[in-house]
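Please look over the sequence and the fold shown here before reading on.

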Amino acid sequence: PLILSHDVNDNDVTDRIWDVISNREVLAINQAYNGDSGGVYDMDDNYQYLSKPIGSGKVAVLLMNTGTVKETLVANFTEIPGLSMPSCKENSCTLHVRDIWNHRDLGVFN
């Protein structure tokens with residue numbers, strides 16, 4: 001279940017988080033359970049990388065900047081736990097990437 005830990009009567013807080021709690025793709029990942037609830041696989045003081053297997057060889061990945069400065073975060077496919085890469089050949093992999101925040105496919109990446 002999706003658990004909200006805020007006062008649902010506080011409209012200011014609800015307004016600030018509405019884009020997250022009403023995003024159907026985010027909710028689908030939250031609700032997907034494939035034997036592993038996922039978690040952090042890399043972090044430091046300025047970022048967290050999280051992954052969650054969602055079935056059919058798919059893995060949801062969240063790259064989150066927790067610092068105060070804008071940074072470019074990059075996911076290395078070989079470091080993502082549970083990622084099935086059947087298309088890998090001699091250290092070259094192609095995977096389909098989707099931006100669920102903006103509801104768009106980003107394409108196929110190596």
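Strands E4 and E5 run antiparallel and are joined by five bridges, two strands being counted as paired if DSSP finds at least two bridges between them. Within this pair, Arg 98 has Asp 105 of E5 as its bridge partner. The two strands form a hairpin with four residues between them, and His 103 in the turn has a positive phi of about 55°, a positive value in a residue other than glycine. His 103 is found in the loop between E4 and E5.

The model is a predicted one, in which local features need pLDDT of at least 70 and side-chain atom pairs count only at pLDDT 80 or more, while totals for chains, interfaces and linings use all residues. Residues are numbered from 1 along each chain as its sequence is written, and side-chain values use heavy atoms, with hydrogens and water left out.

The secondary structure comes to two helices and five strands, where helices (H or I, at least four residues) and strands (E, at least two) are DSSP runs, numbered from the N terminus. Read along the sequence, these elements follow the pattern α-α-β-β-β-β-β. The C-alpha atoms fill a box of roughly 55 × 35 × 25 Å, taken along the principal axes. Of the 110 residues of the protein, 21% count as buried, a word that means under 20% relative accessible area, whereas exposed means over 50% and partly exposed lies in between (1.4 Å probe, protein chains only). Among contacts (heavy atoms within 4.5 Å) between residues at least 6 apart in sequence, 24% join residues at least 24 apart.

A second hairpin involves E1 and E2, which it joins through three residues. Strand E1, residues 39-43, pairs with E2 in the antiparallel sense over four bridges, and there the bridge partner of Val 40 is Leu 50 of E2. Leu 50 is in contact with Gly 39, Val 40 and Tyr 41, and also with Ala 60, Val 61, Leu 62 and Met 64, if neighbours within four places in sequence are left aside. The C-alpha atoms of Leu 50 and Gly 38 are separated by 7.2 Å, although the two residues are twelve apart along the chain. Gln 48 also has its place in strand E2, and its contacts beyond four places in sequence include Val 40, Asp 42, Leu 62 and Thr 66.

Which residues make up the largest nonpolar core? There are nine in all, namely Tyr 41, Tyr 47, Tyr 49, Val 59, Leu 73, Phe 77, Ile 80, Leu 83 and Leu 95; such a core is a set of buried Ala, Val, Leu, Ile, Met, Phe, Trp, Tyr and Cys residues joined through side-chain atoms within 4.5 Å. Tyr 41, one of these core residues, touches residues including Tyr 49, Leu 63, Ala 75, Ile 80 and Pro 81, not counting those up to four places away in sequence.

About 1,600 Å³ of space lies in the largest pocket. Of the 43 residues that line this pocket, the closest to its centre are Ala 60, Val 61, Leu 62, Arg 98 and Ile 100. A pocket here is an open set of points on a 1 Å grid over the protein atoms alone, where a 1.4 Å probe fits, with protein on both sides within 12 Å along at least five of seven lines, and lining residues have an atom within 4 Å of a point. The volume is the space filled by probe spheres set on the points, which are joined across faces, edges and corners. Helices H1 (11-21) and H2 (24-31) each supply at least two residues of the lining, as do strands E2 (47-55), E3 (58-65), E4 (95-99) and E5 (104-109). The lining divides into 28 nonpolar, nine polar and six charged residues; Ala, Val, Leu, Ile, Met, Phe, Trp, Tyr, Cys and Pro count as nonpolar, Asp, Glu, Lys and Arg as charged, and the others, Gly among them, as polar.

| Residue | Relative accessible area | Class |
|---|---|---|
| Thr 14 | 17% | buried |
| Leu 50 | 22% | partly exposed |
| Gly 107 | 25% | partly exposed |
| His 103 | 43% | partly exposed |

Thr 14 lies in helix H1 and touches His 6, Asp 7 and Val 8, not counting residues up to four places away in sequence. Gly 107, in strand E5, touches Leu 95, His 96 and Val 97 under the stated exclusion of residues up to four places away.
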